[in-house]
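Dear colleague,

Please find the structure below, with the sequence alongside. My notes on what was found in it follow directly after.

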Amino acid sequence: MKRITIAIDGHSSCGKSTMAKDLARTIGYIYIDSGAMYRCCTLYALRHGLIDAHGRINETELERRINTLQVGFAYDAGRNISLCTLNGDTVEGLIRTMEVSAHVSPIAALPFVRRAMTAQQQAMGREGGIVMDGRDIGTAVFPNAELKVFVTASDEIRAQRRYDELRAKGEECDFDSVLANLRERDRIDSTRAVAPLRRADDALILDNSHLTIEEQKQWLLDRYAERIAD
């Protein structure tokens, strides 16, 4: 059976990562969370004082260091999940905080950051048999992917999902702040100069505002079956 490349793009907090991970496990593919890679860059910048109290980025220094950032994914057999690593250290939990979320879009909009992470992503997926989710996978990273999906949902539903996720982790937050952060991330992602968030012309649209996890899983499996049968 041929092994294809599956690109899943869409707005933040649409559940892209959850559905991509589940699809990869089900069909025996490698899962790569491209958004986590930009979060790693953001975490690095925060840790090294490259983002000041006003959110200003020391772009010159970050660009000087960008090729020293190696992002990877370590498989945790006990939990059957992949954990994001930054220069060999597992940082999965650290990159999911509101602090990182508040700064990730400006970091991800920097052309030199996108070039560096795109190169790493393309190297990971060179042999096919992968599911990768993000903002520009079907347009910039893998424009020739055999299956492209663009995921969306209403702002309020996405914000509620993110709010519930953060509260479940014990992080203090309020719904209005989460909604405002989500809308600002959408604005930055959609208007950045390099590889902006947009639906590829040949991407299938999946609005999961009112779908159950099982319904969207079956939808993806059906689309995958159609592609490998071509």
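A pocket, as used here, is an open set of points on a 1 Å grid over the protein atoms alone, with protein on both sides within 12 Å along at least five of seven lines, and a cavity is a set of such points where a 1.4 Å probe fits but cannot get out; lining residues have an atom within 4 Å of a point. Grid points are joined across faces, edges and corners, and a volume is the space filled by probe spheres set on the points.

This is a predicted model, in which local features need pLDDT of at least 70 and side-chain atom pairs count only at pLDDT 80 or more, while totals for chains, interfaces and linings use all residues. Residues are numbered from 1 along each chain as its sequence is written, and side-chain values use heavy atoms, with hydrogens and water left out.

The largest pocket holds about 810 Å³ of space. Its lining is made up of 37 residues, and those nearest the centre are Ser 13, Lys 16, Ser 17, Arg 96 and Glu 165. Helix 1 gives the largest share of this lining, six residues. Helices (H or I, at least four residues) and strands (E, at least two) are DSSP runs, numbered from the N terminus.

The largest cavity contains about 50 Å³. It is lined by Thr 18, Met 19, Asp 22, Leu 23, Ile 213, Gln 216, Lys 217 and Leu 220. The elements that supply two or more residues to this lining are helix 1 and helix 9.

Helix 9 (residues 213–229) has 17 residues and reaches 24 Å from its first C-alpha to its last, close to the expected 24 Å (1.5 Å times one less than the number of residues). Gln 216, Leu 220, Arg 223 and Tyr 224 of helix 9 are buried. These residues are on the same side of helix 9 because they cover an arc of only 105° around the axis, the arc being that of the directions from the helix axis to the C-beta atoms. On the other side, Glu 214 and Ala 229 are exposed. Buried means under 20% relative accessible area and exposed over 50%, with partly exposed in between (1.4 Å probe, protein chains only).

Strand 3 (residues 71–76) and strand 4 (residues 81–86) run antiparallel and are joined by six bridges; two strands pair if DSSP finds at least two bridges between them. Val 71 has Leu 86 as its bridge partner in strand 4.

Yours sincerely
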